[in-house]
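I opened this notebook to record what I looked up in one structure. The entries follow the order in which I made them.

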Amino acid sequence: MAARMSTACKLCYDKYSLKQPEKAPRKLQCNHIFCTECIEKLKQLQGLAIECPSCLTITTIPSQGVDYLPKDYNVLGIIEGSKTYEQCKHCKKLTYPPKSATLHCSDCRDVYCGSCSDKMHLKVENQDHVIRLANSFDDMKLIRSTSRKESSSMKSGSPFDEKRQLRRQLSMNSVCEQHGQELMLFCQVEQVRCCSRCKSTMTHKFHDCNFIQTNEEIERAHILDMQQELDEYIENYSKIRQDVQKIMEALKKNTVTSNENIRRCFRELRAVVDDAEKELMKEVTTIHDFKLDRLRKQCSHMIEVANAGMIISEKCGEACELEYFEMFAHKKKLEGEILQVCKIMEKCCPVENSDMFVQFPNHESMLTSIKLCAYLVRVPPPPSNFKCTLNEDSDVLLSWDLPKNLKYTYLPTLYAVYASVGENDTFLQIQKVSQKNYVVPSSHSSLVDKNLVQFQVAAINIIGESQPCFPLCIRLVKTRELED
């Protein structure tokens, strides 16, 4: 019992452990030892000053937390025994003192502590690695020496020898151990090879078993189809990228033209409109920089995606040249990568247009409104402060204000009112009005048999229509018909 109590917490009776930080033994000021988790629970109940459960001596918890109480290395020495472990170099910069490297991976040819090993081998490409216990420092030296020999022997052999050795192993395993017949079938349920007699037995009788050669042709054809589809996406994606580049060039030319036009007109009015020129050029530059930045980012992203697609396409070609089982192992990964790239390429269009122009009205209008003597050729922003309410007659009252940031923009002359009365609640235009409010009567034909309806408004100037404002939803109250 004494031996058990020396290596286990007296409160929870769990053994102390370095692999679990919450089970690390920590010493109170009275030299009694408890695990970190139990001391943390005492702190939550009693605060920073806790009583020792054994002798009731008060211990003050450091302001940094329970983890700053001293560990009892005597107990840790009893737990770990006389063996010494190498420190884990992967968590050395993150944890002090570093954890002991108690695990060895023969594929990585490296040693890890438990947490670092989990972090490394949870990755898909590392899940098939062989991990063994590295019991002591001497054991790890022995493992490393053998791993070096293995690595040197592997380096000395050529890739052709490795493939020939793999084919030899596959040929040795091509005969059924139970029936002595050639393994010509592949069970889709258990993902193993079997012979014709295995198919007739209860082991694989009701399973879907096909000839390996047939499966190989099907899988290779599937990969080729995926490659062809990916190539089509890449081709279309390249065309859209060219459109983006053309828009970028047109945007640059239009911006230069607009700035030249601005300079030419403002030279005639320099004395009175110098400030207006600077503000207008600032507006043009802001819009230009914003659009050009978005187009550049889109173009760069498209180049990266196209390159990634080409790389995956090359991988598909390489996979088709592999043996069946090697090709089958690469298939799932290629499917995921292809679907991801194709999904990105499927919906793509230029994020901006090259609509950057400046217009000037007659000189008379310039003199009357010198501060706003030019207009950017663009649609207005959406209306602001949009409201949607019901009156006593269940009519819908819509109101809004002029769009914000109308500087150097033609004023709206009309407003388009939209409602979600189309098929599958899509928005349809129900009216165009010139004032900043509109009443939709409850008897409106578009509101028949509607309960919840969304409304939104767009501003229209001589250039075009703005984006609709944020939609508002309202519940329509139906008046009850009076009984005769």
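**Entry 1: a loop and its partner strand**

I began with Tyr68, which is exposed, with a relative accessible area of 57%. I noted the scale used here: buried means under 20% relative accessible area, exposed over 50%, and partly exposed in between (1.4 Å probe, protein chains only). The model is predicted, so I record that local features need pLDDT of at least 70 and side-chain atom pairs pLDDT 80 or more, while totals for chains, interfaces and linings use all residues. Residues are numbered from 1 along each chain as its sequence is written, and side-chain values use heavy atoms, leaving out hydrogens and water.

I located Tyr68 in the loop between strand 4 (58-60) and helix 3 (73-80). Helices (H or I, at least four residues) and strands (E, at least two) are DSSP runs, numbered from the N terminus. Tyr68 and Arg26 are 42 residues apart in sequence, yet their C-alpha atoms are 9.1 Å apart in space.

I then asked which residue forms a salt bridge with Arg26. It is Asp67, and the closest N and O atoms are 3.9 Å apart. A salt bridge here is a side-chain nitrogen of Lys or Arg within 4 Å of a carboxyl oxygen of Asp or Glu. Asp67 lies in the loop between strand 4 and helix 3 and Arg26 in strand 1 (residues 25-27), so the pair ties together parts that are 41 residues apart in sequence. Asp67 counts as exposed at 54% relative accessibility, whereas Arg26 counts as buried at 5%.

**Entry 2: further salt bridges**

I found that the structure holds 9 salt bridges. One of them joins the side chains of Lys407 and Glu279, at 2.6 Å from N to O. This pair links distant parts of the chain, 128 residues apart: Lys407 is in the loop between strand 14 (396-401) and strand 15 (414-419), and Glu279 is in helix 9. Lys407 is partly exposed at 39%, and Glu279 is partly exposed at 26%.

I also looked up Lys297 and Asp293, whose side chains meet in a salt bridge of 3.3 Å, N to O. These residues are 4 apart in helix 9, which means that about one helical turn separates them. Lys297 is exposed, at 56%, and Asp293 is partly exposed, at 36%.

**Entry 3: the nonpolar cores**

In soluble globular proteins, nonpolar side chains tend to be buried together. A nonpolar core is a set of buried Ala, Val, Leu, Ile, Met, Phe, Trp, Tyr and Cys residues joined through side-chain atoms within 4.5 Å. How many residues does the largest nonpolar core have? I noted 44, with Leu280, Val358 and Phe360 having the most contacts inside it. Helix 8, helix 9 (270-320) and helix 10 are the elements that give two or more residues to this core. Apart from it lies another core of 21 residues, among them Trp400, Val417, Ala459 and Cys469.

**Entry 4: a residue at the end of my list**

Is Glu346 buried or exposed? Glu346 is exposed, with a relative accessible area of 52%.
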